[in-house]
Amino acid sequence: MRQPLVAGNWKMNGSRASVRELLDGIKHGIAEVGGAEVVVCPPFVYLQEVQDQLAGTAIAWGAQNLSTEGSGAFTGEVAASMLLDFGCKYVIVGHSERRSYYGEDDALVARKYAVARAMGLVPILCVGETLEERETGVTEEVVGRQMDAVIDLEGVEALQDGVIAYEPVWAIGTGVTASPEQAQEVHAYIRSRVAGKSTSAAESLRILYGGSMKADNARELIGKPDIDGGLIGGASLKADDFLAICRAAG
Ligand code: PGA
């Protein structure tokens, strides 16, 4: 049995005051969440606050990015060891915003995935197609290529107990959610692609859906057999909305 996982991707949002308020709200409601694992991914600068507030609670936390390098002269970068220093368990890699705005390609994302795992972090590998790619019928090709970058570098074992987030780019922040059937189809494809190489990795792999997931569509999405939770952007910035999704998953 795969434990459902709901991760909040705060992106570049928040202030000290709003982060404190959001964490208070999530802590307050976490007892009613049930069986889902709950994770928040703040901007780096708020990791200290998150660690201070969430240590000893059932809520885990992570970062939104990491460097491939261990330490040294890499201005502006943050190393995996630093994330561990602040108690991170997870780290998002290959989010479509990093791929499209910061030029992260499959090879770089695969290296970030490998470094995170080697350091004992759980990388959340984001994959997903653009609207144009969906309309031209290459969704599986794109998602397959994004997955294979990791599998080719690290072997399929890298996905044992791993986390992939399927985030169709056209659904991120747009209010347009993939239908449960559309999402399930791609999730099943992802799992079957892994199963072709390792059934145990495929069974252990948690595949999250991301892209305008909200309290009112979460239950139906997460009810699908291959949807094991969600990666939540906008709706993770309000405690009530986020908790409602966590309850739906739990
Ligand atoms: P959204 O973002 O929920 O605001 O669509 C999801 C994500 O980008 O991870």
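Biologist: With Ala, Val, Leu, Ile, Met, Phe, Trp, Tyr, Cys and Pro counted as nonpolar, Asp, Glu, Lys and Arg as charged, and the others, Gly among them, as polar, how do the residues of the lining of the second largest pocket divide?

Modeller: Bearing in mind that this is a predicted model, the lining of that pocket divides into six nonpolar, six polar and eight charged residues.

Biologist: And what volume does the second largest pocket have?

Modeller: Its volume comes to about 270 Å³. A total of 20 residues line the second largest pocket, and those closest to its centre are Ser-96, Arg-99, Gly-128, Thr-130 and Val-169.

Biologist: Which element gives the largest share of that lining?

Modeller: Helix α4, which spans residues 96-101, gives the largest share of the lining of the second largest pocket, with five residues. At least two lining residues come from each of α4, β5 (122-127) and α7 (139-154).

Biologist: Then what about the largest pocket, how much space lies in there?

Modeller: The largest pocket holds about 500 Å³ of space. It is lined by 16 residues, of which Lys-11, Met-12, Gln-64, Arg-98 and Tyr-102 are the closest to its centre.

Biologist: Changing topic to the ligand: which residues come nearest?

Modeller: There are 13 residues around the ligand, and the nearest are Lys-11, His-95, Glu-167, Gly-173 and Ser-212. By class, this shell divides into four nonpolar, seven polar and two charged residues.

Biologist: Lys-11 again, then. How far is a polar side-chain atom of Lys-11 from an oxygen atom of the ligand?

Modeller: That distance is 2.7 Å. For Asn-9, an N or O atom of the side chain is 3.4 Å from an oxygen atom of the ligand, whereas for Gly-234 a backbone N or O atom lies 2.8 Å from an oxygen atom of the ligand.

Biologist: How much of the ligand's accessible area does the protein cover?

Modeller: On its own the ligand has 280 Å² of accessible area, and the protein covers 96% of that.

Biologist: Back to Lys-11 for a second, where does it lie and what is its phi near?

Modeller: Lys-11 is in the loop between β1 (5-9) and α1 (16-29), and its phi is near 55 degrees, which is a positive value in a residue other than glycine. Asp-161 also has a phi near 55 degrees, again positive in a residue other than glycine.

Biologist: Where is Asp-161, and is it buried or exposed?

Modeller: Asp-161 lies in the loop between α7 and β6 (163-166). It counts as exposed because its relative accessibility of 55% is over the 50% cut-off.

Biologist: And Asp-226, buried or exposed?

Modeller: Asp-226 sits in the loop between α10 (215-222) and β8 (229-232), and it counts as buried because its 14% relative accessibility is under 20%. The side chain of Asp-226 makes a polar contact of 2.8 Å with the side chain of Gln-184.

Biologist: What does the side chain of Gln-53 make a polar contact with?

Modeller: The side chain of Gln-53 makes a polar contact, at 3.0 Å, with the side chain of Lys-27. Gln-53 belongs to helix α2 (residues 47-54) and is buried, having a relative accessible area of 13%.

Biologist: One more pair: where are Ser-71 and Tyr-90 placed?

Modeller: Ser-71 is in the loop between β3 (59-63) and α3 (80-85), and at 58% relative accessibility it counts as exposed. Tyr-90 is in strand β4 (residues 90-93) and is buried, with a relative accessible area of 1%.

Conventions: Residues are numbered from 1 along each chain as its sequence is written. This is a predicted model: local features need pLDDT of at least 70, side-chain atom pairs count only at pLDDT 80 or more; totals for chains, interfaces and linings use all residues. Side-chain values use heavy atoms; hydrogens and water are left out. On a 1 Å grid over the protein atoms alone, a cavity is a set of points where a 1.4 Å probe fits but cannot get out, and a pocket is an open set with protein on both sides within 12 Å along at least five of seven lines; lining residues have an atom within 4 Å of a point. Grid points are joined across faces, edges and corners, and a volume is the space filled by probe spheres set on the points. Helices (H or I, at least four residues) and strands (E, at least two) are DSSP runs, numbered from the N terminus. Ala, Val, Leu, Ile, Met, Phe, Trp, Tyr, Cys and Pro count as nonpolar, Asp, Glu, Lys and Arg as charged, and the others, Gly among them, as polar. A residue is near a molecule or strand if one of its heavy atoms lies within 4 Å of it. A polar contact is a pair of N or O atoms within 3.5 Å; within protein, one must be able to donate a hydrogen and the other to accept it, and residues adjacent in sequence count only if both atoms are side-chain atoms. Accessible areas come from the Shrake-Rupley method with a 1.4 Å probe; for residues, only the protein chains shown count as cover. Buried means under 20% relative accessible area, exposed over 50%, partly exposed in between (1.4 Å probe, protein chains only).
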